[in-house]
Amino acid sequence: MDHHLLAIRVFNRVVETGGFTRAADSLRMPKATVTKLIQSLEDHLQTKLFKRTTRSVSVTPEGECYYQRTVKWLAELEQMEGSMTESQSAPQGVLRIDVGGATARQLLLPALPDFIARYPQIQIDLGVGDRLIDLINDSADCVIRSGPLADSSLIARRLFELEWVTCATPAYLAHYGTPQHPCDLELGYPPAHYRHALNDRILPLHFVDRGKEIDIQHRYHVSVNESNALLAAALAGLGIIQTFRFMAQPHLDSGELVSLLHDWQPPAEQMYVVYPSNRHLSAKMRVFIDWAIETFK
């Protein structure tokens with residue numbers, strides 16, 4: 001790759017990640033190389049692109065202006081080059097996808113053999129966990145996640161809806177009784193709570209009664225920060241849980257779990273495939289997104 005073009009790409013990644021070390025990690029190159037490329041770019045432009053201290057890196061006004069122009073130019077260049085090469089070959093390369101544990105185990109991985117059969121030259125690097133990742137810093141091409149977008153620089157394509165279910169084991173209900181209304185849960189029904197994987201916040205059990213939202217959060221026996229572990233806690237009789245129905249359905253069918261409070265469940269959650277808006281949609285990304293929408297619709 002041309003040295004000047006590489007320097008521009010590296011500059012953009014430093015801006016997007018907020019630091020030389022994070023940029024080097026995401027690009028998989030030595031930090032010294034990143035520093036040298038930025039210095040050469042600053043020498044070429046005869047202007048400072050970053051303010052650097054021992055603790056932080058911030059982009060200068062001139063650097064911000066340069067970034068806004070080059071990020072659009074690079075996207076157009078990548079799109080043009082991609083359209084030339086993609087017309088001559090099948091999609092190929094490594095595709096890095098991040099997905100929640102339950103979605104990976106019960107939905108994505110069972111379906112992936114079909115994708116691999118269609119596109120055998122694409123390699124899938126799958127990151128699995130409930131922690132919400134940073135698409136730039138963690139070098140992922142896309143993520144499959146539920147809920148609203150917090151970052152307006154991302155693009156989300158809807159895949160499917162996720163219905164909620166509140167459930168517990170028959171043994172738990174035999175011991176504590178069966179609640180008839182969400183407010184009953186405040187009267188001695190210890191739940192097993194989900195703890196947010198990013199900020200460690202306990203998420204309450206959430207219900208809707210004739211348009212009125214009801215959140216239940218009180219003393220609990222256990223909280224966990226991973227969705228499969230939450231289901232395991234319910235199966236062990238550790239409390240009432242609220243989870244996605246697709247996870248609990250096999251256990252509801254077998255009788256290991258009992259569905260509760262059907263009339264007060266919150267609205268279904270939307271599941272999306274999400275990717276950065278300023279990143280060229282490569283052939284491998286495009287075919288994966290199209291396949292995912294087709295497969296999970």
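How many aromatic pairs does the count come to? I looked this up in a predicted model, and the count comes to twelve aromatic pairs.

**Entry 1: one ring pair**

I noted that a pair of aromatic rings is described by the distance of the centres and the angle of the planes. I then turned to Phe11 and Phe50, whose ring centres are 5.5 Å apart. Their planes stand at 55 degrees, so I recorded the pair as tilted. I next looked up where the two residues sit: Phe11 belongs to helix α1 (residues 3–17), and Phe50 belongs to strand β1 (residues 50–52). The two are 39 residues apart, and the pair links distant parts of the chain. Are these residues buried or exposed? I found that Phe11 is buried and that Phe50 is buried as well.

**Entry 2: a sheet and a helix**

I examined an open sheet of three strands, in which the order is β9-β8-β12 and the pairing is mixed. Which strands stand at the edges? They are β9 (202–203) and β12 (222–224); each has a single partner strand, so one side of each is left without a neighbour in the sheet. I then checked β8 (residues 192–195) against β12 and found that they pair in the parallel sense, over three bridges. I also recorded that His193 stands opposite Ser223, a residue of β12. Finally, I looked up helix α7 (residues 227–235), which lies across β8 and β12. This helix runs at about 175 degrees to β8.

Methods: Residues are numbered from 1 along each chain as its sequence is written. This is a predicted model: local features need pLDDT of at least 70, side-chain atom pairs count only at pLDDT 80 or more; totals for chains, interfaces and linings use all residues. Side-chain values use heavy atoms; hydrogens and water are left out. Rings of Phe, Tyr and Trp (its six-membered ring) pair if their centres lie within 6.5 Å; planes under 30 degrees apart count as stacked, over 60 as edge-to-face and the rest as tilted. Helices (H or I, at least four residues) and strands (E, at least two) are DSSP runs, numbered from the N terminus. Buried means under 20% relative accessible area, exposed over 50%, partly exposed in between (1.4 Å probe, protein chains only). Two strands pair if DSSP finds at least two bridges between them. Contact means heavy atoms within 4.5 Å. Axes are lines fitted to C-alpha atoms, for helices over the stretch in contact, and angles run from 0 to 180 degrees between N-to-C directions.
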